[in-house]
Amino acid sequence: MSPKKHPNKVIREAIEHALANGWHMVEAGSSAHCFCRLRCGIPEHSGHMMSIWSTPKNPENHARQILRKVRQCRPMELRPKDSE
Ligand SMILES: [Zn+2]
């Protein structure tokens with residue numbers, strides 16, 4: 001199964017970045033404006049989820065929001081204990 005592609009290149013790259021960092025693509029369901037949802041790989045992190053819009057007014061800005069969210073949690077990346 002291959003993930004569906006977002007029509008906007010900048011957002012597509014942000015989604016690929018998220019997937020590469022252990023995030024998952026979740027079907028958007030019934031919402032017509034929502035392309036999909038992204039959530040981190042840790043089930044307890046209910047706040048690490050965001051909706052990806054199909055046609056955001058400002059794609060660059062939306063892509064930045066995605067990258068910022070992914071930076072909050074990267075399940076694939078094991079952080080050293082002494083990093084904080
Ligand atoms: Zn998380």
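**Close-up views**

**View A. Contacts of Leu 38.** Apart from neighbours within four places in sequence, Leu 38 is in contact with Ile 15, Ala 18, Trp 23, Met 25, Met 49, Met 50, Ile 52 and Ile 66 (contact: C-beta atoms, placed from the backbone, within 7 Å). The model is predicted: local features need pLDDT of at least 70 and side-chain atom pairs count only at pLDDT 80 or more, while totals for chains, interfaces and linings use all residues. Residues are numbered from 1 along each chain as its sequence is written. Of the contacts in the protein with a separation of 6 or more, 40% are between residues 24 or more positions apart.

**View B. The nonpolar core.** The largest nonpolar core has 13 residues, and Ala 14, Ile 15, Ala 18, Leu 38, Ile 52 and Ile 66 touch the most other members. Such a core is a set of buried Ala, Val, Leu, Ile, Met, Phe, Trp, Tyr and Cys residues joined through C-beta atoms within 7 Å. Two or more residues of this core come from each of α1 (9-20), β2 and α2, with α1 giving the most, 4 residues. Buried residues make up 18% of the 84 residues in the protein (buried: 20 or more other C-beta atoms within 10 Å of the residue's own; exposed: 12 or fewer; partly exposed: in between).

**View C. The open sheet of 3 strands.** The strand order is β1-β2-β3, with antiparallel pairing (pairing: at least two DSSP bridges between strands). The edge strands β1 (24-27) and β3 (49-53) each pair on one side only, and the twist averages 35 degrees from one strand to the next. The protein has 2 helices and 3 strands in total, which follow one another as α-β-β-β-α from the N terminus. These elements are DSSP runs numbered from the N terminus: helices are H or I of at least four residues, strands E of at least two.

**View D. Strand pairs and hairpin.** β1 and β2 run antiparallel and are joined by 4 bridges; in β2, Leu 38 is the bridge partner of Met 25. These two strands form a hairpin with 6 residues between them, and Gly 29 in the turn has a positive phi of about 80 degrees. β2 (residues 34-39) also pairs with β3, in the antiparallel sense, over 5 bridges. In β3, Met 49 is the bridge partner of Arg 39.

**View E. Arg 37 in strand β2.** Arg 37 counts as partly exposed because it has 17 C-beta neighbours inside 10 Å. Leaving aside neighbours within four places in sequence, its contacts are Val 26, Ala 28, Met 49, Met 50, Ser 51 and Ile 52. Val 26 lies 11 residues away along the chain, with 4.9 Å between its C-alpha atom and that of Arg 37.

**View F. Helix α2 across β2 and β3.** α2 (residues 59-72) runs at about 160 degrees to β3; axes are lines fitted to C-alpha atoms, for helices over the stretch in contact, and angles run from 0 to 180 degrees between N-to-C directions. Its 14 residues reach 20 Å from first C-alpha to last, close to the 20 Å expected at 1.5 Å a residue (expected span: 1.5 Å times one less than the number of residues). Ala 63, Ile 66 and Val 70 are the buried residues of α2. They lie on the same side of the helix because they cover an arc of only 55 degrees around the axis, the arc being that of the directions from the helix axis to the C-beta atoms. These buried residues pack against α1, β2 and β3. Asn 61, Arg 68, Arg 71 and Gln 72 are exposed on the other side of α2.

Definitions and conventions. Contact = placed C-beta atoms within 7 Å.
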